[in-house]
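The following note comments on the model point by point. Please read it alongside the sequence and coordinates shown here.

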Protein chains: 2
Amino acid sequence: MPKVADKYLVVDPWKVAEEGFDPARNRVSESIFSLGNEYMGVRGYPEEGYGGDTLLGSYFNGLFEESKVDAHYKGIIKSLRFMVNAVDWLYTRITIEGETLDLAASRFSDYRRELDFRSGVYTRELVWHLNSGKSVKLSFQRFVSMTVSHLGCQRIAFEPLNFSGTAEVRTGLDFSVVHEDQGRSYWGTLKRQEAGGAAAILAQTVNTKNRLFSAFRVEAPVQISSRLVESDRFIGRDVVLYLEQGKRTTIDKLAVNYAEKDSGIDHETVWRTGLELTERYAGLGYDEAAEQQREYWSRVWKDSDIAIEGDPENQQGIRFCIFQMYQTYHGDNPGFNIGAKGLTGEAYRGLAFWDTESYCLPFYIFNNPKAAKSLLEFRYKSLPYALRRAKELDCEGAFYPIATIDGTESCDLWQHSNLQLHVGTAVAYGIRHYVNITGDTAFLYEKGLEMLIQISRFYATRGQFGQKTGEYGYFGVMGPDEFQLMVNNNCYINLMAKKMFEYTLEVIGQMRAEEAGAFVKLAGRLGLTEEEQADWKHKAESMKIPRDAETGVYEEHDGFFDMPHLNIHDIPVTDFPLYSHWSYDRLYRYDMIKQPDVLMFMFLYSGQFTLEEKRANYDYYEPRCIHESSLSPSIHSIIASEIGRPEEAYKFFEFATRLDLDNYNRNTREGLHTTSIAAAWMNIVYGFGGMRSDGEKLVFGPTIPERWEKYSFPITFHGSKLRVEVNKDYVHFRTESGEPVDMIVYGQDYRVGAEGIKIALERVKVG
Amino acid sequence: MPKVADKYLVVDPWKVAEEGFDPARNRVSESIFSLGNEYMGVRGYPEEGYGGDTLLGSYFNGLFEESKVDAHYKGIIKSLRFMVNAVDWLYTRITIEGETLDLAASRFSDYRRELDFRSGVYTRELVWHLNSGKSVKLSFQRFVSMTVSHLGCQRIAFEPLNFSGTAEVRTGLDFSVVHEDQGRSYWGTLKRQEAGGAAAILAQTVNTKNRLFSAFRVEAPVQISSRLVESDRFIGRDVVLYLEQGKRTTIDKLAVNYAEKDSGIDHETVWRTGLELTERYAGLGYDEAAEQQREYWSRVWKDSDIAIEGDPENQQGIRFCIFQMYQTYHGDNPGFNIGAKGLTGEAYRGLAFWDTESYCLPFYIFNNPKAAKSLLEFRYKSLPYALRRAKELDCEGAFYPIATIDGTESCDLWQHSNLQLHVGTAVAYGIRHYVNITGDTAFLYEKGLEMLIQISRFYATRGQFGQKTGEYGYFGVMGPDEFQLMVNNNCYINLMAKKMFEYTLEVIGQMRAEEAGAFVKLAGRLGLTEEEQADWKHKAESMKIPRDAETGVYEEHDGFFDMPHLNIHDIPVTDFPLYSHWSYDRLYRYDMIKQPDVLMFMFLYSGQFTLEEKRANYDYYEPRCIHESSLSPSIHSIIASEIGRPEEAYKFFEFATRLDLDNYNRNTREGLHTTSIAAAWMNIVYGFGGMRSDGEKLVFGPTIPERWEKYSFPITFHGSKLRVEVNKDYVHFRTESGEPVDMIVYGQDYRVGAEGIKIALERVKVG
């Protein structure tokens, strides 16, 4: 893993700050200073217009466009849907004495930007030196409201240092934004009007007819004049401000955005709804909204903060991660999903992968169960698409997409979209995990089981029996390890499918016993038969789980042990990323793996494997893994911790919390690694905290990295709030609210209540 | 194989004829009545303009356009090259009394068309009934000259049945032809002029700047007037003819076409060269050219005819095949290749596959060694591309493209272009085959060995050693059987590579001994080392050839025997072709195979395998093969013959010679199955004739199908002309010219001279 930190930002426990302006790093910073409130997101781009390298990105969760794909064969997607770049509601142009501010052309000094995790506000400051010798101090602030999803707030402050005079500010809503990846704009204006003190515009996307309403109001105390400006895809105001030397003059803009994907609703209704929303928040000023924002974040930190003593960089890093997790999703808007880059860039096209269930869901389950449930509901809502997709692949039941924005498959590489089966089992695992930790059987019976049954149907029709072995398994698949392209009996898929069948049958039995009436109705509606269940049982029992009996190493797939060996340390550093430097087919011909596959299921079903098995498999697979996925190191770190390799665990952890802050992968410019940010949380809680949550009781085996003094994290379990605090000597568990929690620590049973329990730290014997 | 004949054409030993006009079948007939002379080809479209369904196709061998491919990864092609539809040099419009002939709109009777294998002329006749009640008999004749590659000839004859009057004929050269697959025309005019009694036009393709010069002269004895007509991409003449009742009036058009792909030559030179060619053939009239054409074909039939008694349909069929083989290629223009559809349609984009070496080459080796050599020279000429392509795939040596028009890879499906390795071994096999049968060691030492060395280098760098077995082989490949998409150690590829290494080393030894000086030069130029040769030897010796020792069945690839079984007879007929009706990934999950793979190498290296082995492998693979390639049945037929299954052999042969005439695959409308036409020849000579040519001596084991009385075919071997005649009782070998030929018949050695030998037919014992 040749990953080197690019240390650049100021280290601070509650902020990310950048001092000075480096145009070459601007896109990286734009990603880091992204804001979002799950409903919408904006990159930290200079809203005043910038002639240099920038990605002006403004995104709305689930708002998408599509382009046609020239598909050769059945079952390969024909339309590719992606999160579309949308209205620049921050649009601003500032002109003083005929000069227009542009950081690529203007002279300026004292540049600084910061993002405050406690206020949720992004601030930029600079002193602009005009050609005339006049100087003005500028401050740009913005936030997207966590309490009012539709609301975006902007404040620009002017302080002339050596003159008094006027400033012309054009501020507005711009739909002529370009979607960079496709090199075009996707918006057409439907309506544009001044209404009730606000300027409003309604536009729709070219192909998908998604609509977006946007309106704004301006507040500026010492305004000389103000007039409406309109052009094809723009509505705004030209405001002239009077600036007094040494005095701070502000102009505030409050924008209300409202996205409507339902094409059944007519334009007029969308327009009216938008205006109603605008009206509703008309009385809300910038300061009041900012105060609500601060209160919201203060609750978040009370509930979800991870405190680390003795490691300021990782302290900043993990808070940045938690901040981003809440920005990306917190469950106020049900039925959204989480794109691989959240709402921070066009890369991965805004699509959600199995990362949601495998990496993000744990964070929400233990911090914000409402959000966790809502993420699962995205899968329920999109079940009809998954049913249709299974049919396209000549199968039954539900086949969940490998990459999606709206529930349809949007991966145009058939080798991924058709061969990767691990989303369905991830959804099933997510349901099980969520229900086990929250006890939410209502969701399980209302929606969960229906998904489980349809997922089971898929895995029962996609699999086949080996002609020689007579065992059941999946042929022609790609596992989580994407460096083995089309294999038979991928051990991860087989094992996860086996567990999924078993869990489905278990839930069927449970619901039949607990809610017989509802079960009969459900079974009737889905046409569930006894034969079908017997078939699933048979297939689960016949499932091939390839394993070398002598060494205890699971074979990643049929024939993996004979794959030509490659010493991955012999690969020149300049060959990375391999996807760019190696011939595509060459990637797939070694025992080299891209990311954990066998180790992944050993983590997910940790309780099923002995420490010795984990050691044997870690020792076999770790040296073969090149971590060409940002999600990979955390899983390795977690298992290394468990098997008593603290140095390795720390080495793999090292960049987890600061992957983006230090731009380890050199591609943060494209957007944040949102789902790997979630893995950073897992790395601390599951890794150092040694938590396991795949059994009935929570399990802990805490350790502490050598350089840390102390760390603590909260956990929500069956409604109880549990605080875990680890220092050099002991771990301290206590509930902050709710019932006592039963748990296993270092193999011993405990019941933890408000009074708390202190247990001396143990070290795993090194194997 | 649910293939049903669509019997439609008149059966005749020397002609294909169609009576009456069926618009629904017009495209099929256009393919069947295609003309070609290896330099250019025209489909049998109605040149007078047709408002119905037609594919106006005019092609020039190797003339191509390209379109960009959105490639995601390294080693996947970025530009797709294809044979482009070119000038309609037959362009004609006929107007009488204001009515313009169009078979989609006009009234006509007595329609008949025929293609005569002895004259090479395609004739259409009809009686056109004008609205006025007047009728005129029309005859359209055309041929493309086999003796002057640039020359296309057209004659239209008018015979008014009940009136005398005038006919207006517009005749010209039209570059506004549309390439149907891409929905656009690719031509831009560079120059257009009347010169020396001819009208000439020079145009070039939009992207590739390939140029095509076209000029024509008109001869019409009773011409009233004639004037030049020009438009953007057209030059022509409007001719008014006087027609006398009951008298035949003809108008002849002789077109000279000249294609120039070398962009280093300036437009003026191309224009001048075109005019010189036009000048050179200015004295040649239609009748004289037609006479030369007839003489050419009479030589072909003398040299290459297969005569069958007792089976008029297959007699017609095999002659159609031989006619097409010569039309597609006969070696007068060196360095061309053979597209899967020859010059008869846009399907497969005019690209050449391994079919050239595997299916077409034997026909030429035994009938027209000059053409065979020239086909191999295409591979020599394109060696630089193959060297570059290997580098793109991170390998050394030469990697020949799976689909090409100019030597570059033009398959945009990476799973084929990057995983199919069997072109290189096919080229090596072709060299060996050609040299063994012709004795042309000059070619071998001048060009053959260089190719062999570069091919060996590729196979020595693309292969790997299995970690467990320690054996050498190819990982991540697709064999000839394209229903196993990405497998390890495909037995065909491994075996062919092993043989290829051995042959290369053998030729090196032989040339070192026979032409030491030239060898040292070659080895020096190529940097050939002893270590390299030792490496090839080691890899050949370590090659994994998976085989079940008990049954003697070769395993198509690692794990094939465990692939889920499918009874192919359970597949509903409506599911075919599977590519259109099955989800793409589903095709690859069974023990179902698309075409021979193990059986293919058993045919190619027939002498290396016992009859028992062939039986065991045929019995295993034949029931698993769905023949979704038109090349598949012939190989099965040949092996069925050998192992004593005459009924099966005939069943698989049945549609070989008439695949297109009876439109068995229902896609002849797209063009002829040129390479399967070559397989039809192989089916008779190798199948019923029982010839094997993979050893030092020719081997024969003739049989005769039950319904045949007698058949005979000629063979050229080391310059000797050998005639083989088989009837119900015996086989008769004799040389028609050249030295006596040593051969093995039914396991016995013979020397056959001009006096001939008769041997009683034997029957293979049914296993």
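**Note on the predicted two-chain model**

1. An open, mixed sheet of 3 strands in chain A is ordered S23-S27-S28. Strands are DSSP runs of E with at least two residues, and helices are runs of H or I with at least four, both numbered from the N terminus; two strands pair if DSSP finds at least two bridges between them. Strand S23 (698-700) and strand S28 (748-752) of chain A are the edge strands, each with a single partner, so one side of each has no neighbour in the sheet. Direction ignored, neighbouring strands of this sheet are turned by 35° against each other on average, the axes being lines fitted to C-alpha atoms, with angles running from 0 to 180 degrees between N-to-C directions. Strand S27 (residues 741-745) of chain A pairs with S28(A) in the antiparallel sense over 5 bridges, and A:Val745 has A:Gln748 in S28(A) as its bridge partner.

2. Some conventions apply throughout. This is a predicted model, in which local features need pLDDT of at least 70 and side-chain atom pairs count only at pLDDT 80 or more, while totals for chains, interfaces and linings use all residues. Residues are numbered from 1 along each chain as its sequence is written, chains are lettered from A and ligands numbered from 1 in the order in which they are written, and side-chain values use heavy atoms, with hydrogens and water left out.

3. UniProt, in an unreviewed entry, places "domain: Glycoside hydrolase family 65 N-terminal" at residues 18-258 of chain A. UniProt positions follow the numbering used here, feature names are shortened, and annotations may be inferred rather than shown by experiment. Residues 18-258 of chain A are 3% helix and 54% strand, and the end C-alpha atoms lie 32 Å apart. An open antiparallel sheet of 3 strands in chain A has the order S2-S3-S4. Strand S2 (35-36) and strand S4 (58-60) of chain A form its edges, each with a single partner strand, so one side of each lacks a neighbour in the sheet. Strand S3 (residues 40-42) of chain A is joined to S4(A) by 3 bridges, with A:Met40 opposite A:Phe60.

4. Residues 319-682 of chain A are 51% helix and 1% strand, and the end C-alpha atoms lie 13 Å apart. A:Thr344 lies in the loop between helix H4 (312-328) and helix H5 (355-367) of chain A. Is A:Thr344 buried or exposed? At 5% relative accessibility, A:Thr344 counts as buried; buried means under 20% relative accessible area, exposed over 50%, and partly exposed in between, with a 1.4 Å probe and protein chains only. Leaving aside neighbours within four places in sequence, the contacts of A:Thr344 include A:Ser31, A:Ser34, A:Arg43, A:Tyr59 and A:Glu670. A:Thr344 and A:Ser139 are 205 residues apart in sequence and 23 Å apart in space, C-alpha to C-alpha.

5. In chain B, 9 of the 10 residues of strand S11 (residues 135-144) are buried, so S11(B) is largely enclosed by the rest of the structure. Strand S10 (residues 122-129) of chain B runs antiparallel to S11(B) and is joined to it by 8 bridges, with B:Glu125 opposite B:Ser139. The hairpin of S10(B) and S11(B) has 5 residues between the strands, and B:Gly133 in the turn has a positive phi of about 95°. Strand S12 (residues 151-160) of chain B is also antiparallel to S11(B), over 9 bridges, and B:Pro160 in S12(B) is the bridge partner of B:Val136. A hairpin through 6 residues joins S11(B) to S12(B).

6. The largest nonpolar core has 521 residues, of which A:Phe158 and B:Phe158 touch the most other members. Such a core is a set of buried Ala, Val, Leu, Ile, Met, Phe, Trp, Tyr and Cys residues joined through side-chain atoms within 4.5 Å. Not counting residues up to four places away in sequence, B:Phe158 touches residues including B:Ile94, B:Val136, B:Leu138, B:Val169 and B:Leu243.

Conventions. Contact = heavy atoms within 4.5 Å.
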